[in-house]
Amino acid sequence: MLDIKQIVANPEEIKKRLSLRKPALAGQIDEVLTKYEAYKKILARVEELRAKRNEMSKSIGKIKKEQGDDAAQEVMKEVGQLKEEMALREAELEPQKAEIDNLLLSIPNLPNEKIPVGLSDADNPEVVPCTIPLPQFDFTPLDHQAIGEKLGILDFEAAAALSGSRFALFKGDGARLERAIISFMLDLHVKKGYQEIMPPVIVNENILLGTGQLPKFREDMYELVGEPKQFLVSTAEIPLTNLNRVRTLSEAELPIKLTAYTPCFRKESGTYGKDTRGLIRNHQFDKVELVMLSKPEHSYEMLEQMVLDAQEVLKQLEIPYHVVELCSGDIGFSSAKTYDIEVWMPSENKFREISSCSNCLDFQARRMGLRFKNTQGKLEYVHTLNGSGLAVGRTFAAILENFQQKDGSVIIPKALRPYFGKDKIEAK
RNA sequence: GGAGAGGUGGCUGAGAGGCCGAAAGCGGCGGUUUGCUAAACCGUUAUACGGGUCACACCGUAUCGAGGGUUCGAAUCCCUCCCUCUCCGCCA
């Protein structure tokens, strides 16, 4: 959420920067400003009326004490009259406030001034080139679904029978490999100073407001039946970033670095026909997430660190990757600056996203009231960052595709062998 | 699922219709004393919004788990919900 005071103080600047995402967003800023001015007028009147009421009520107490109950009758009548207008005005106030809040919650974060300007992922520049050599095949490489099904470690038919399309079922060495990847990633991040968390994967509505999934992206979320409203998380970013909202942090605690494995649940509505094969885009998938809470002045350095931490996974697994910086038209709702790490997928002959690392500045923190007390004793919003470290299913797919052998077997990367227990998955 | 007890500031905890944004203690901050540290003593110490100011000051409004209600007036009374704890049942 953007700061309403900043919008009021500097509307043109804000419009300019938002229009780097989408030109239409400028109109929403005007709408907020108009509604806010109207709201303030009513607020002033309501507060004036309340002040009068409070003052008179106080005097009633005094009069009753000094002159007896009957003496207060007249003042009580007067207050009664005040209350009529008050009720009227207060009734106007509520919906207007809600409308403004809702508008503010629906406006995305300001992109950082220095990020590349562009419309789509086609405009994302490469910032770290690929240094791990691409695999060379003397045969036609298969895609990961074909490899996995041949090896008997992935079963999409069984998954479809159980749950429908866009679900995966891992079995035997497949299940073991998925588990090995998760453990490997978590251990690596814990060594780098992240605290491991295992959070609930069902969360309340207000938690989703905090990280920005609501109110705008409700259709992507699996909502549970019943009251109070609850949702399956679409990423561990949600519980991790919201984790400290209940208390005020102290400056000495920052930065806070968290990592967690969770399954992630996404409806993927609006992606029909896209990436329908294999592990690339499913309703349920595994992900290891990185989250940082940082002092404002350090958040961009922390973002660089996080991208390195995520890359380290691929370096150790020896999977070819490169890093791109997302352009203004491609960054996510809450983000001011985002790097994507993309792995090489031989079957598609291209790089594909496996991690997205974002600095959200105070955008999420303002939504959830997540603040720290600085050394002057003042409260400040923290900056929040999140990144995948990494998407597990896509890592699984990348391993199968990049390390497939002519005989159909798959070599396991050295770093993973202690976790997997074998150095290859044999062809049947 | 059933019965009961609770939810108050950074923390502990009092308050039971007006004198309460809220006692006291702890913690924090500033100061005095002190070779340093500690201790002692004095003072100070919630947040948001609106107005105001160059900026302070200051003024107003709201906030005692959340939302409604009663009342001239609610932390306090009533209703609904959420959460925590204890006991019982069930269960991995």
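Which of the 20 residues around RNA strand B come nearest?

A: Ala 51, Ser 57, Ile 60, Gly 61 and Val 79 come nearest to RNA strand B, out of 20 residues around it. A residue is near a strand here if its C-beta atom, placed from the backbone, lies within 6 Å of it.

Two ground rules first. The model is predicted: local features need pLDDT of at least 70, side-chain atom pairs count only at pLDDT 80 or more, and totals for chains, interfaces and linings use all residues. Residues are numbered from 1 along each chain as its sequence is written, while chains are lettered from A and ligands numbered from 1 in the order in which they are written.

Now the surface near the RNA. Helices α3 (25-67) and α4 (73-106) each supply at least two of its residues. Helix α3 gives the most, with 13 residues. Helices (H or I, at least four residues) and strands (E, at least two) are DSSP runs, numbered from the N terminus. By class, this surface has nine nonpolar, six polar and five charged residues. Ala, Val, Leu, Ile, Met, Phe, Trp, Tyr, Cys and Pro count as nonpolar; Asp, Glu, Lys and Arg count as charged; the others, Gly among them, count as polar.

Next, the chain as a whole. Chain A has 13 helices and 15 strands. Its C-alpha atoms fill a box of roughly 100 × 45 × 45 Å along the principal axes. Domain 1 covers 4-106 and domain 2 covers 121-425, with bounds from an automatic or database domain assignment. Their C-alpha centres lie 43 Å apart. Five residues from domain 1 and five from domain 2 make the contact between them. The domain 1 side of that contact has two nonpolar, two polar and one charged residues. Two residues are in contact if their C-beta atoms, placed from the backbone, lie within 7 Å. Of contacts in chain A between residues at least 6 apart in sequence, 72% join residues at least 24 apart.

Follow the chain out of α4. Ile 115 sits in the loop between α4 and β1 (126-128). Ile 115 counts as buried because it has 20 C-beta neighbours inside 10 Å. The cut-offs are these: buried means 20 or more other C-beta atoms within 10 Å of a residue's own, exposed means 12 or fewer, and partly exposed is in between. By that count, 36% of the 428 residues of chain A are buried. Leaving out residues up to four places away in sequence, Ile 115 touches Glu 325, Cys 327, Ser 328 and Lys 337. Lys 337 is 222 residues away along the chain, yet the two C-alpha atoms are separated by 6.8 Å.

Ile 202 is in strand β3 (residues 202-204). Ile 202 is partly exposed, because 14 other C-beta atoms lie within 10 Å. Beyond four places in sequence, Ile 202 is in contact with Leu 224, Gln 230 and Leu 232. Gln 230 is 28 residues away in sequence and 6.4 Å away in space, C-alpha to C-alpha.

One helix pair deserves a stop. The axes of α7 (residues 173-191) and α12 (residues 392-402) come within 10 Å and cross at roughly 115°. Axes are lines fitted to C-alpha atoms, for helices over the stretch in contact, and angles run from 0 to 180 degrees between N-to-C directions. Leu 177, Glu 178, Ile 181 and Ile 182 in α7 meet Val 392, Thr 395 and Phe 396 in α12. These contact residues divide into five nonpolar, one polar and one charged.

Last, the backbone. Most residues other than glycine have a negative phi, and most peptide bonds are trans. A cis bond joins Leu 254 and Pro 255, with omega about 0°. Pro 255 lies in the loop between β5 (249-250) and β6 (256-265). The bond from Gly 389 to Leu 390 is also cis, with omega near 5°. Leu 390 belongs to strand β13 (residues 383-391).

Two non-glycine residues have a positive phi. For Glu 318 the angle is about 60°. Glu 318 is in the loop between α10 (299-317) and β8 (321-325). Glu 318 is partly exposed, with 15 other C-beta atoms within 10 Å. For Leu 361 the angle is about 50°. Leu 361 is in the loop between β10 (350-359) and α11 (363-368). With 24 C-beta neighbours inside 10 Å, Leu 361 counts as buried.
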